[in-house]
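Reader: I'd like a close look at the aromatic rings in this one. Walk me through them, please.

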Amino acid sequence: MRKFDLEAFEKHKKDNNTYCRYITKNTNGDNVEIFLIEHKDSYQQTIIYLNTPIKQRFMYNKKTLTLIKEMESFYDCLIGFQREYNEKQELIKEINNDAPYKFSWQDLVNKMKMEYKIDLMDENEQIKNNSQVTVLSRNPQTMIYSITMPCQFTPHGVMEEKFEIDAMTGKTIYHVGSQRKKYSNYL
């Protein structure tokens, strides 16, 4: 089971700060940014996979340094399983954040790439193509994915490109601001 790396926290934090950041390679050889923060009763570790919108978060008991909660996100969407553990490291709660959605976040990635030529998984490509996603969320009450990207040059006063995608069927409900791509050569 995972334990908080107190040695890395002490090594990378400056002065009396309660947080630190550093870049390292994970066990798969991927470059990741690690953000560690000290709370009153716990430590938090966020692992950011560079050039992707995927983040993993882990909460640890401050006294024992043992894992108490873990979750993963894709932009502002909790994905996969959210798990909580007791002091003995036994699983006490598990939530499948993807269960309510028939049109998965992976389906959304494929749709945006195929239909709109927007690669939600490659942040460098988004910057290069002037299509950086600033908000991507999904709402369990309305079952809709919402995607927002700012436009630097906009005809007709449209300041953002916005999408609403049905999280059950994958159908595009709403899309405004697509004119930006036609004018990107003038930037």
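How many aromatic pairs does the count come to?

Author: First, the ground rules. This is a predicted model, where local features need pLDDT of at least 70, side-chain atom pairs count only at pLDDT 80 or more, and totals for chains, interfaces and linings use all residues. Residues are numbered from 1 along each chain as its sequence is written, and side-chain values use heavy atoms, leaving out hydrogens and water.

The count comes to 11 aromatic pairs; rings of Phe, Tyr and Trp (its six-membered ring) pair if their centres lie within 6.5 Å, with planes under 30 degrees apart called stacked, over 60 edge-to-face and the rest tilted. One of them is F4 with Y43, stacked at 4.2 Å centre to centre and 5° between the planes. F4 lies in the segment before helix 1 (6-12) and Y43 in strand 3, so this pair ties together parts 39 residues apart in sequence. Helices (H or I, at least four residues) and strands (E, at least two) are DSSP runs, numbered from the N terminus.

Y43 also pairs with F9, edge-to-face this time: 5.6 Å centre to centre, 65° between the planes. F9 sits in helix 1, so that pair ties together parts 34 residues apart.

Ring pairs link F4, F9, Y43, F58 and Y60 into a cluster. On strand 4 (residues 54-61), F58 and Y60 point to one face with I54 and Q56, and these are buried. The charged end of R2 sits over the F58 ring, 3.7 Å from its centre; the rule is NZ of Lys or CZ of Arg within 6 Å of the ring centre and within 35 degrees of the ring normal.

Notes. Buried means under 20% relative accessible area, exposed over 50%, partly exposed in between (1.4 Å probe, protein chains only).
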